[in-house]
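Biologist: Please take a close look at one part of this model, the annotated site and its surroundings. I would like a single connected account with the cut-offs stated.

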Amino acid sequence: MVRIAPSILSADFLNLEKDIKMMESAGIDLFHMDIMDGMFVPNISYGPMILEHIKKISNVGMDAHLMIMEPNRYFDIYQKIGVEYLTIHSEASTHLERDLSQIRNLGMKSGVALNPATSEEAIKYVLEVADMVLVMSVNPGFGGQKFIASQLKKIEKIKSMIVNAGLDTKIEVDGGIGVNNLKDVVDAGADIVVSGSSLLKGDFNKNYQAFKDVLNGK
Ligand SMILES: O=C(CO)[C@@H](O)[C@H](O)COP(=O)(O)O
């Protein structure tokens, strides 16, 4: 069962509670939270305070995608908030194996993200301590960018690595995904699909149904 995780970056922040409730009522079970520091990526988005507020009004799980340098400085904060996945970038962590193990030891699922230019080889020796690999199919920092098709090959290679190692690590794919390329992403091996603008711009319920129709082969 493929999970669809809306990227909250594309929500209406003046009516955030309304958007959160709308997505929860539609059956969404994972929110993708894009946390940006203006250093690792050129943009600054929001921080833990927004996640804390969402937690007060919703039981939907959260995948906190930290697009920040030296992410281990913030592990405790996200543990207290109660996120399901805490995802860090392979390019931003000095000691990736230790950081991923620490996330697990704190009781969260560990996620490791790869920029489009980063090879799957970067996670070869940490796959055993990763509950999820996040393949970025755009350069992180902004919503609404074009899907980078070369990432499909990377998803397939990571899927093989996981299967060959006998692991249950999930693959999440994020950036530029819509009904036009959803099937390609899932066929390549995605277990979780993140989408911002294609889901949240316009009529969410209609867009979400179109995503589900693709997944159901309609
Ligand atoms: O992490 C990011 C961008 O850095 C993504 O989560 C995007 O926010 C997804 O938005 P779309 O590409 O689907 O509009």
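Modeller: What follows goes from the annotated residues to the ligand shell and then to the sheet. The model is predicted, and local features are described only at pLDDT of at least 70, side-chain atom pairs only at pLDDT 80 or more, while totals for chains, interfaces and linings use all residues. Residues are numbered from 1 along each chain as its sequence is written.

An unreviewed UniProt entry carries the annotation "active site" for D34 and D174. UniProt positions are given in the numbering used here, feature names are shortened, and annotations may be inferred rather than shown by experiment. The two span 141 residues in sequence, yet their C-alpha atoms are not more than 10.6 Å apart, so they gather at one spot. The "binding site" annotation, also from the unreviewed entry, covers H32, D34, H65 and D174. These span 143 residues in sequence, but no two of their C-alpha atoms are more than 10.6 Å apart, so they too gather at one spot.

D174 belongs to strand β7, residues 170-174. Strands are DSSP runs of E with at least two residues, helices are runs of H or I with at least four, and both are numbered from the N terminus.

D34 has 24 other C-beta atoms within 10 Å and is therefore buried. The term applies if 20 or more other C-beta atoms lie within 10 Å of a residue's own, with C-beta atoms placed from the backbone; 12 or fewer is exposed, and in between is partly exposed. D174 is buried too, with 27 other C-beta atoms within 10 Å, and H32 counts as buried with 25 C-beta neighbours inside 10 Å.

Contacts are counted if C-beta atoms, placed from the backbone, lie within 7 Å. Leaving aside neighbours within four places in sequence, D34 is in contact with S7, L9, S45, H65 and M67. H32 touches, among others, S7, D63, H65, D174 and V194.

Around the ligand there are 22 residues, of which S7, P140, G143, G196 and S197 come nearest; a residue is near if its C-beta atom, placed from the backbone, lies within 6 Å. The elements giving two or more residues to this shell are β2, β8 (192-195) and α7 (197-200). By type, the shell holds six nonpolar, 14 polar and two charged residues. Ala, Val, Leu, Ile, Met, Phe, Trp, Tyr, Cys and Pro count as nonpolar, Asp, Glu, Lys and Arg as charged, and the others, Gly among them, as polar.

Eight strands form an open, parallel sheet in the order β1-β8-β7-β6-β5-β4-β3-β2, where strands pair if DSSP finds at least two bridges between them. Its edge strands are β1 (3-6) and β2, each pairing on one side only. β7 and β8 pair in the parallel sense over three bridges.

Definitions and conventions. Contact = placed C-beta atoms within 7 Å.
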